[in-house]
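The exercises below ask you to read a structure step by step. Look at the sequence and the model before you turn to each solution.

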Amino acid sequence: MAQQAAKDAGKIGNPQRAIRFWQTRVTQLNVNKEANRMDAIVKAFFDETPDANVVKERVAFGTSGHRGRATERTFNAAHIYAITQAVVDYRTEAGYQGPMFLGVDTHALSKPAWECALRVLAANKVPVFVEKNHGITATPLVSRAILQHNRPHDQVTHDAALADGLIITPSHNPPEDGGIKYNPSHGGPADTEVTQWIELRANVYLLRQLGDISLVPLEQALAHAQEYDFTAHYVAQLSRVVDITAIQKANLTLGVDPMGGTALPVWQAVAEHVGLNLEVVNTSVDASFSFMPPDHDGKIRMDCSSPDAMANLLKIKDRFDIAFGNDPDADRHGIVDANGLMNPNHFLAVCVDYLLSHRPEWSETLKIGKTLVSSSMIDRVVASHRRELYEVPVGFKWFVEGLHDGWLAFGGEESAGASLLTRDGKAWSTDKDGIALCLLAAEITAVTGKTPSEYYRSLTERFGEPFYKRVDTACTTDEKAAFKQLSADSVTDNTLAGDPITAVLVKAPGNGAAIGGLKVTTENGWFAARPSGTESLYKVYAESFKGPEHLDELIESATALLGGILKA
């Protein structure tokens with residue numbers, strides 16, 4: 001084909017036309033190549049059978065559900081059948097009789113997995129709600145739907161009719177990956193106790209080679225599902241969580257890149273029905289995500305917190321007052337203004353300061369949630385408002401209870417995931433909501449006249465400027481295991497990077513949960529370390545309020561300290 005294309009191009013008299021012709025044909029060849037690769041991945045999803053006796057091929061729930069690849073036998077039809085049946089069993093144990101809200105993103109394996117899950121749910125006669133026309137569904141929309149259904153109208157009859165949700169997505173992971181996560185009746189990510197129950201039950205089904213699982217034909221499963229307009233319900237209520245009127249009055253020019261994901265229909269509906277000066281700059285939906293620029297390591301990854309992955313939007317940022325991006329399931333946000341892509345930690349600090357100054361209906365007793373590895377700028381902002389900080393381990397699941405019960409005003413993590421209460425202090429989404437956070441950035445600009453990066457600069461003038469970095473360090477299996485044995489007494493040093501150590505933490509101060517690692521703080525900085533759940537390395541997060549040189553000194557001191565502790 002390539003040789004014929006070259007011959008065809010040579011027949012074109014104009015050299016520039018010949019070049020353009022050849023470029024078009026090369027692009028077409030690459031697209032076809034990617035399409036064939038995606039077809040092969042989907043084929044492997046059905047053809048490859050995982051062996052539950054092999055540890056890496058079992059069901060394994062991380063911080064955001066089970067993820068894997070079909071070609072590596074870590075995300076196959078068998079996994080979905082087993083996980084879905086295990087979730088059905090959990091529903092029975094929990095007494096749920098309400099509907100299952102079933103969401104799906106745009107990865108190549110997502111729709112096949114969605115169909116597999118639906119076949120199991122229908123066979124078990126679980127009522128299922130799916131997006132109208134069997135469309136894609138963002139994570140925050142599923143969370144919102146669960147919360148709306150489970151409002152306590154009549155507690156006498158309501159308990160048995162509780163709804164929950166399954167979302168088929170590997171989040172921002174590469175195109176060849178697949179994922180599935182479970183949200184119980186509180187609408188947010190399931191806690192560790194629930195995921196361990198589901199994981200154990202699912203692996204039993206795999207060991208039995210799915211012999212105890214019933215399926216119905218796909219046509220019957222599709223007929224069983226009820227359509228629910230997730231997008232319309234969500235968009236109609238946005239003014240409850242964000243000051244849409246203020247954004248309208250400011251007439252800001254807004255741009256958004258859904259990055260080929262589930263935010264696309266939501267942003268299109270916002271542009272059509274909410275009356276904002278908003279342009280969706282990329283309407284492409286392609287399972288290979290061929291339109292995406294490569295991330296920092298050369299891989300395609302739809303990470304809206306990465307400047308490399310957000311390069312398409314950054315090229316045209318000057319067309320807009322403010323612009324946004326979302327990952328494929330829209331639970332993360334990327335905020336772009338004239339100064340480029342905001343560091344997620346910086347934007348979280350801006351959100352906290354703004355919300356505590358512009359939500360008069362919020363109770364003064366509400367807490368602000370952050371993960372242990374998020375910026376200490378948030379600590380200083382919260383203290384300035386005389387509010388209580390709720391610091392938890394890594395994972396959004398730790399914020400769910402507080403957001404659901406209404407005592408946590410905001411929960412945010414360093415990886416660009418956050419959610420918040422409604423303007424009158426009620427639960428909005430107990431899972432991360434990238435769409436609401438993008439609109440909050442527009443509200444901040446509309447109300448204060450400052451872009452988010454300008455707002456952050458004013459915070460540094462008040463509280464000092466932090467410098468933050470994450471470094472990955474290779475480690476052995478024994479060293480990874482050693483993290484579980486760490487205690488506050490493991491650190492015998494009195495100083496870190498020249499400053500007296502003020503705290504050594506192995507449990508989060510907010511909820512007392514184990515952090516799976518270690519955090520050491522001083523007056524001017526801190527470091528935290530935790531092992532990777534999937535790779536032979538540990539992650540060191542560090543932050544300094546004394547400058548970049550001190551940050552490097554912090555990381556050097558942390559690495560030396562950890563090396564000694566882990567070997568011992």
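**Exercise 1.** In strand 9, which residue is the bridge partner of Val-256?

Solution. Bear in mind from the start that this is a predicted model. Begin with strand 8, which covers residues 254-257, and follow its pairing with strand 9 (residues 278-280), which runs in the parallel sense over 3 bridges. Within strand 9, Val-256 has Val-280 as its bridge partner. Then turn to strand 10 (residues 322-326), with which strand 8 also pairs in the parallel sense, here over 4 bridges; in strand 10, the residue opposite Val-256 is Phe-324.

**Exercise 2.** Are the residues on the two faces of strand 8 buried or exposed?

Solution. In a regular strand, side chains alternate between the two faces of the sheet. Take one side of strand 8, where Leu-254 and Val-256 are buried, and then the other, where Gly-255 and Asp-257 are buried as well, and the conclusion is that both faces are covered.

**Exercise 3.** Determine whether Gln-85 is buried or exposed, and find what it touches.

Solution. First locate Gln-85 in helix 3, which covers residues 77-94. Its relative accessible area is 4%, and because buried means under 20%, Gln-85 counts as buried. Next, setting aside neighbours within four places in sequence, list the contacts of Gln-85, which are Val-120, Asn-124, Tyr-205, Ile-213 and Ser-214.

Methods: Residues are numbered from 1 along each chain as its sequence is written. This is a predicted model: local features need pLDDT of at least 70, side-chain atom pairs count only at pLDDT 80 or more; totals for chains, interfaces and linings use all residues. Side-chain values use heavy atoms; hydrogens and water are left out. Buried means under 20% relative accessible area, exposed over 50%, partly exposed in between (1.4 Å probe, protein chains only). Contact means heavy atoms within 4.5 Å. Two strands pair if DSSP finds at least two bridges between them.
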